[in-house]
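Colleague: I would like to go through this model with you, chain by chain. Please put it up, and I will ask as we go.

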Amino acid sequence: MSTTLLLIQLLNGLQFGVLLFLIAAGLTLVFGVMGFINLAHGVQYMIGAYLTVAFAELTGNFFGALALALPTALLLGLALEFLIFRHLYDRDHLDQVLATFGVILFVNEAVKVIWGPSPLIVELPEALSATFQITEGLLYPVYRIVLIGVGLVVAAILWLVVQRTRVGMLIRAGATNPEIVSALGVDIRRLFTIVFGFGAMLAGFAGALAAPIFSVEPNMGDDLLIVAFVVIIIGGIGSIRGAFIAAVLVGLVDTLGRSVVTDAMRLVFDASAANQIGPALASMLVYVFMAGVLFFRPTGLFPARGSA
Amino acid sequence: MKNLVSLVAAAMLAAPLGLSPAMAAEPLKIGMVLTLSGPPAALGQQARDGFALAVEDLGGSLGGLSTEVIVEDDELKPDVALNKAKKLIERDEVDFVVGTIFSNMLQAIFKPVVQSETFLISPNAGPSTFAGRNCNPYFFVTSYQNNQNFEALGKYAQDAGLKKVFLLAPNYQAGRDSMEGFKKNFKGEIADEVFTPLGHKDFSAEIARIAASEPDALFTFMPGGMGVRLVKQFRAAGLADRMTFLSAFTVDETTLPAQKDDALGFFGAGSWAPDTDNPRSKAFVEAFETKYGYVPGSYAMQAYDAAQLIDSAVKAVGGDLSDKDAVRAALKAADFASLRGEFRFNSNHYPVQDFHLLRVAKRADGKFQTEIEQTVLEDAEDTFAADCRM
Amino acid sequence: MEGGKGAGGSAALGFGLLVALALVPLLSQVWGGTYLTSLVMQAMILAIAAIALDILIGHAGLVSFGHAAFVGLGAYVTGIAITEGLTDGMAILALVVLASAAFAAVTGAISLRTSGVYFIMITLAFGQMLFFAFGALAQYGGDDGMTLWETSTLFGTDALQAGGGLFWVVLATLALVWGFVGRLAVSRFGRVLRAAKEAPVRVACMGFSVFRFRLVAYVVAGVIAGVAGFLLAHQAEFVSPAAAAWQRSGDLIIMVVLGGMGTRNGPLLGALVFLGVEVTLSHLLEAWRLVFGPLLILVVLFARGGLAGGLDWAVDRWRTRVQARA
């Protein structure tokens, strides 16, 4: 593999990682602070994408769509929190799994009823549809670079908020020891609602950013949800820093693995056997990586809870 | 609702055709097992609508028997497909099962359906599994043998003098078949063979490899949403101007509404396209678009033909479905005017037909469809029929 | 008392369910035919896997998100053995038990290093590895799976054939597993498991190796699920990677939670209701998940302890009322 190719794959891995981080950030906070397993988080990603489609049709403008989709995603997240999730915080994890699974079923079906089963697409705005020559014969879309940039900026802001503000301090304290925070007189419920709403919005934001390059279709959040869980597990639950590092690692492992594993197999096996084993192994790689991390660090790379 | 799309016009039709009242009272029951949920639901929807349109065009009856169509969703889960098929056979006691869209669903329902001696007619899935040694007297296919579209593209690549081709497919059985099929007729250089996981999202890694190996053409098989993403990302990377895009089930009427201009000029393959030049096909496309508001693809056409096939067979046996051998002979005769033109069954009950190179075009009304560019294979038989002892 | 009723579930309810299941073939003479028996068979097989999973979830407090992988493993060992010409049911069953025990021992030993949600995810990881491995078996149909043109024989009889005695074999297995888990719950082993769930350190201090107890539970649950896979292959006469998909593992968890954790009737009830409601709703309505989703949420919000908990409560109330009257 040439160095340019490697460079491109690194960019691709980084971009996937950034997208994963936007989804995982909300997930890890909701999990870390509230101890709440939200399977419906992938649905928020899908909602973000569909809202962008809908508003893009309405306004005819990607940025306009984004501006409308984000607050709507926030509102929908808050509505879900108010109607359902709020009643589940003090319940067993598995009750949360069951209820949020119900939410997944409902929203996936509702989306299909409203927008139909076929994949949909959002057109990129003119300003972002440019490309630049990366090697002779290969153009790299500017939008993807923008996506990486935006993701990094959001990550930085999020880190600042969590590390430097009062709310962030409460979030960190909540992730480490929610009982004490509550005992100190902090309105933990309101904190939960805020964290939940913004987590949902971030996932929706990821969906909106993904809409112009990926197709928008029902169930699009299901598989990503699983990978997002992998990310927060590797990173350590409740840790924004962990989620970021794990997201980038998973993005790189997945992307580079795909291009390297089959070639590596060809060194050992004949071509047809390599083509059979390689892709299966590449698909497993993320899970092997997670199992490996957990083998050596049973609570992830950066566990937020010290002892528990 | 979906389960009882009852298309009954019994009283009206029994009399002119001179059927006895007893026979007219017993409607023809057809069960469909199609994928109607999840991302590939668009394919099942096409097949459902195509079949319904045929029944409507035939006056609500097939072969003179008032017809009831029961549509079941297999949810793309083998166990669900199996349950639904068993329900159709055991509880609804259907006379024919029409299904499925996907090969793995066909695998799941095949044994119970044919063992109950119910005729199974596939409107799309045509795996090699049941074309050769495991061909079955109760199984007919109105679409194609899966490999044939790929073989047609390989033949075209060979004839067009393309020297170096890059192969890209998802990592599952049909994906592996696609590469084998393509290589059967293409003898030039294979730049690389790359498999992606099913449902792959981001093709940028693959696109970088394609660009680096500088082939004359990309051959790919990326059904559904994967095709939408690949086409967009392929176009955005600027590769569309540098090489030919050869594909099967990647740019078709189910994906074009999302791909739009990005797919313009890309090639597919098939036995039919909406611009097929015969009056019946033209009437079908027009009626379909009027009724359902979208452009029919091959899935709709094949389901329409499946209904016509059943109609012709029921008519030939005078509505008496008890003599299975007679019904089989009548089905085998394929005595109907297929929308695609010439059509007959091979010894393994898979079609013998022409395959064309299709090109994506924009119509005057702004909608997109595939159009026949040239005929690549004539009267093509699949390679597995020789192994079929039936 | 916790061990008697809370953990075991009321025996009367379980017996009632099993007897009702035994009447299904009779009912199918009147309504539903083999469609009904086949459907109920499938539900019973899922119930077997769910009861096994509940050993982990309900008793050991270990949520495995890769349990369907064992069902898939059992099904694949069966399918491959039959395709390769081995048709002796007992021999295949022995292979299934060996394979699932080995897989459970290895993955269990690694997974049990973690706990809580980390355990959930590492079991998912192993399940996914197996899932992708099945899909790569091109000679056995790859992702399409394989049709079993023949099924195995049990001591030369057709007891394992879908048209033969399979229904009774499945029912007997279910009754056996149900009884076994009931015994397990009140045994010393079961008590240690549950104690370790509440207070692992205290149990360790008492001289028990928590790890070893949990590993045995993991292997037992894996083997039972493998046997469920063996039966599933015979019922469907078809094997595919979908049996090992993470969605399937999720379904099994849902069945356990829906029915009620830690009660052997719960998973049984959960599996029957889950499949029953799914089949009924999907016949009534194309967009049936619009109803099923909210239904699950309502169960969580208003029926604590799952369906079995609710039923036990109702039975208790009825009994007290009857006794009060008498």
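Colleague: What share of the contacts in chain A with a separation of 6 or more comes from residues 24 or more positions apart?
Modeller: This is a predicted model, in which local features need pLDDT of at least 70 and side-chain atom pairs count only at pLDDT 80 or more, while totals for chains, interfaces and linings use all residues. Residues are numbered from 1 along each chain as its sequence is written, chains are lettered from A, and ligands are numbered from 1 in the order in which they are written. Two residues are in contact if their C-beta atoms, placed from the backbone, lie within 7 Å. For chain A, the share from residues 24 or more positions apart is 76%.

Colleague: In what order do the elements of chain A run?
Modeller: Helices (H or I, at least four residues) and strands (E, at least two) are DSSP runs, numbered from the N terminus. Chain A has 11 helices and 2 strands. From the N terminus on, the order is α-α-α-α-β-β-α-α-α-α-α-α-α.

Colleague: Why is chain A as compact as a globular protein of that length?
Modeller: The radius of gyration is taken over C-alpha atoms, and the globule rule is 2.2 Å times the number of residues to the power 0.38. For the 308 residues of chain A the rule gives 19 Å, so the chain is as compact as a globular protein of that length, with a radius of gyration of 20 Å.

Colleague: How much of chain A is buried?
Modeller: A residue is buried if 20 or more other C-beta atoms lie within 10 Å of its own, exposed if 12 or fewer, and partly exposed in between; C-beta atoms are placed from the backbone. The C-alpha trace of chain A spans about 60 × 50 × 35 Å along its principal axes. Of its 308 residues, the buried part is 59%.

Colleague: Which element gives the largest share of the side of chain A that touches chain C?
Modeller: Here 34 residues of chain A are in contact with 34 residues of chain C. Helix 4 (93-115), helix 9 (220-235) and helix 11 of chain A each supply at least two residues. The largest share, 14 residues, comes from helix 4 of chain A.

Colleague: How do the residues of the side of chain A that touches chain B divide?
Modeller: There, 31 residues of chain A are in contact with 33 residues of chain B. Helix 1 of chain A gives the largest share, 5 residues. Ala, Val, Leu, Ile, Met, Phe, Trp, Tyr, Cys and Pro count as nonpolar, Asp, Glu, Lys and Arg as charged, and the others, Gly among them, as polar. The division is 15 nonpolar, 13 polar and 3 charged.

Colleague: Where in chain B does pLDDT stay under 50?
Modeller: pLDDT is the predictor's confidence in each residue, from 0 to 100. Chain B averages 89, and 94% of the residues score at least 70. The stretch under 50 is residues 1-24 of chain B.
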